[in-house]
Structures are given as C-alpha cells and as structure tokens.
Amino acid sequence: MKFQTPNQQLLRYIAISILLVGTSCNVKEASSTNALSSSPNSTSSASLRWNSARFPLKVYVANNFDLSEKDSNSRNLMQQVQHNWNEADSARTYFDVSTEYTVANKEYTELEDFLDSEVGIYRASSWFSFIGSGVLAITSYLAEDRGSYREMLHADIIINDEIFTFTNDTTDNTSAYDLPSVMIHELGHLIGLKHTTSSSTPSVMQPSLGRHDVQRSLQAYDSVAIRELYNATFSISASETLAITAGNKPRYIHGYMELRADGNCVHYQDGKVVEVHQVKVKSN
Ligand SMILES: [Zn+2]
C-alpha cells in the first residue's frame, strides 16, 4: 500500500462518493446538429470555475515532457501557452508562469488516483480503457456543486501517449500532433472552459484537433469566454470549505473533458470510440 498524505486520504474519501460524468464530444466531421458537448447528465451544463483565490494555479508538468524550447522572454512552451491565457484577462492571472513547476510522471489506471495535492500534466503510456482511444488528451476534474455553478477543486491533464505521438515542431509532417496546441486547449478546460459549440467559431476550444493543426494562440472567442466565466456572478448555495460533516455532505462531481483526434486517425474511426461516454455512478 502506498503512503498517502492526509490530503490524499481526504480526496480518496471524496472519490468514493462522487458522481463520475463524462463530457463527451463528437468528431469534427459530425453534423452540426449533433451536440458537441452533450452529456446524459442534464445538470452538466452548469458552469465550472475555480475560486479566484486559488489563482494563479501552479501547474506541475511531468518531467518527461520536452517543452524546453524558450521564447524571447525565456518562457518554455508550456509557460507560453499559459501566458496566453493570462493575457486574455487583465483582471486575474490564471497560471503562475514565474518558474517551471515539474513533477515525476504519474501513471494510474483510475482517474480518481490523480486526485492529489498537485494540479498536474501527465503522460499515459497505457490509455484508459473506459475512454475512447481516439481521445488525444483529457482534463479530469473534481468539483463541488454550488447550486448555480460548480467550483473546481482539483484538475489534471493527461495525454494519450499510448496511441498518439506529439511534436513541438510546427513543420512536422508526420502523424504527430502539436503538443502546445493540445496544451492550450486542455489548459482552457483546466480553468473551467467547455468546448466551443459552433464548429464555425475560431477557437482553441473546438472539441477536436487535426494532425498538423497549430493553434497556440487564443482566438477572440476564447478570451471573451474566459473573462465572462470569471466575471459572472453566481449565487453561492453551499459552504466554501471542504469539510465533510455527517448529514451535511457536500456533493462532489468528478468528470473529464476530452480533446479528440481528427478522423484521419485509424483508432478514431473505430465506431466504438464515440459511444464510450456513459454516466458511471460510483456507489457510496
Ligand atoms: Zn476538450
């Protein structure tokens, strides 16, 4: 048995009583009448966001990623895309890009096991069997229902390293996907954004990414969307604390959002891939 900190034990306890919902999304080629972000759970359209006091988030990147390429401001590729989100909003700073936060890679078979004290970005060399193989990456999150919105308490990004290869080279014409483009999308989820609902809207939050697509900068839609999310006023109906007390148990929600590969991927054309999203209720 592995050692767990009290915080991990708390999160593990929470994980026992969660409702696991998947936010599924269809393929780029799907007709526009198909919902891009549908879920069997009707309440899943609630806004997701962090308490702003948690910002700027320190995002720990697995040290087996190669993101070392620096820009003229000495920001590595991860810091560059985080900085792009920061630039979208003059009222708050979403990510701490003051230094590089790294961590040893973590590989688990259950998403709940990632619920620890570090918001991280990891590589899965063995992809989760309950998520479609056509999924490039997911953002897994833990949130608490606050009535009119869901407060994010933890999130991680996990890259599908089993099926796909990733590159930092924008001229790469192999089958690799642009890693910073995947990251800017997942970081949008990490701070609460869902997918763009119209395939004609330029956005890094489109639900799919093609090989050779390079989208490392935000579109106008993305900047507006993140500002609107955090400028919105929600009524708060539950305690701000993580305390779990008998008879007043907060409701935690664990879900994930995925980024799909385009239809050129052979794995993606597996018909089963689109059908993997089902509500999975954990007993408590
Ligand atoms: Zn996504």
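# Exercises on strands, rings and burial

Strand β3 and strand β5 (residues 119-124) run parallel and are joined by three bridges. Two strands pair if DSSP finds at least two bridges between them. Helices (H or I, at least four residues) and strands (E, at least two) are DSSP runs, numbered from the N terminus.

The model is predicted, so local features need pLDDT of at least 70 and side-chain atom pairs count only at pLDDT 80 or more, while totals for chains, interfaces and linings use all residues. Residues are numbered from 1 along each chain as its sequence is written, and side-chain values use heavy atoms, with hydrogens and water left out.

## Exercise 1: the overall chain

Task: State how many helices and strands the protein chain has, and what share of its residues is buried.

Solution. 
- Step 1. The protein chain has four helices and twelve strands.
- Step 2. Buried means under 20% relative accessible area, exposed over 50%, and partly exposed in between (1.4 Å probe, protein chains only).
- Step 3. Of the 284 residues in the protein chain, 52% are buried.
- Step 4. A contact means heavy atoms within 4.5 Å. Among contacts in the protein chain with a separation of 6 or more, 71% are between residues 24 or more positions apart.

## Exercise 2: aromatic pairs

Task: Classify the ring pair of Phe55 and Tyr94, then that of Phe164 and Tyr177.

Solution. 
- Step 1. Rings of Phe, Tyr and Trp (its six-membered ring) pair if their centres lie within 6.5 Å; planes under 30 degrees apart count as stacked, over 60 as edge-to-face and the rest as tilted.
- Step 2. The structure holds ten aromatic pairs. In one of them, the ring centres of Phe55 and Tyr94 are 5.1 Å apart and the planes stand at 75 degrees, so this pair is edge-to-face.
- Step 3. Phe55 is in the loop between β2 (47-50) and β3 (59-62), and Tyr94 is in the loop between α2 (77-87) and β4 (102-103). The pair links distant parts of the chain, 39 residues apart.
- Step 4. Check burial. Phe55 and Tyr94 are both buried.
- Step 5. Phe164 and Tyr177 are also an edge-to-face pair, at 5.5 Å centre to centre and 85 degrees between the planes. Phe164 is in the loop between β7 (149-160) and β8 (166-167), and Tyr177 is in strand β9 (residues 177-178), 13 residues apart. Phe164 and Tyr177 are both buried.
- Step 6. Look for a cluster. Tyr108, Phe114, Tyr122, Trp127, Phe128 and Phe130 are linked into one by ring pairs.

## Exercise 3: charges over rings

Task: Name the ring under Arg49 and the ring under the charged end of Arg123.

Solution. 
- Step 1. A charge sits over a ring if NZ of Lys or CZ of Arg is within 6 Å of the ring centre and within 35 degrees of the ring normal.
- Step 2. Arg49 lies over the face of Tyr149, 5.0 Å from the ring centre.
- Step 3. The charged end of Arg123 sits over the ring of Phe65, 5.2 Å from its centre.

## Exercise 4: helix α3

Task: Compare the span of α3 with its expected value, and count its buried residues.

Solution. 
- Step 1. The expected span of a helix is 1.5 Å times one less than its number of residues.
- Step 2. Helix α3 (residues 179-190) has twelve residues and reaches 16 Å from its first C-alpha to its last, close to the 16 Å expected at 1.5 Å a residue.
- Step 3. Twelve of the twelve residues of α3 are buried. They include Met183 and His185.
- Step 4. Just after α3, Gly192 takes a positive phi of about 115 degrees.

## Exercise 5: backbone exceptions

Task: Locate the cis peptide bond from Phe55, then describe phi of Ser74 and of His212.

Solution. 
- Step 1. The peptide bond from Phe55 to Pro56 is cis, with omega near -5 degrees. Pro56 is in the loop between β2 and β3.
- Step 2. Ser74 is not a glycine, yet has a positive phi of about 65 degrees. Ser74 lies in the loop between β3 and α2.
- Step 3. His212 has a positive phi near 75 degrees, again in a residue other than glycine. His212 is in the loop between β10 (208-209) and α4.
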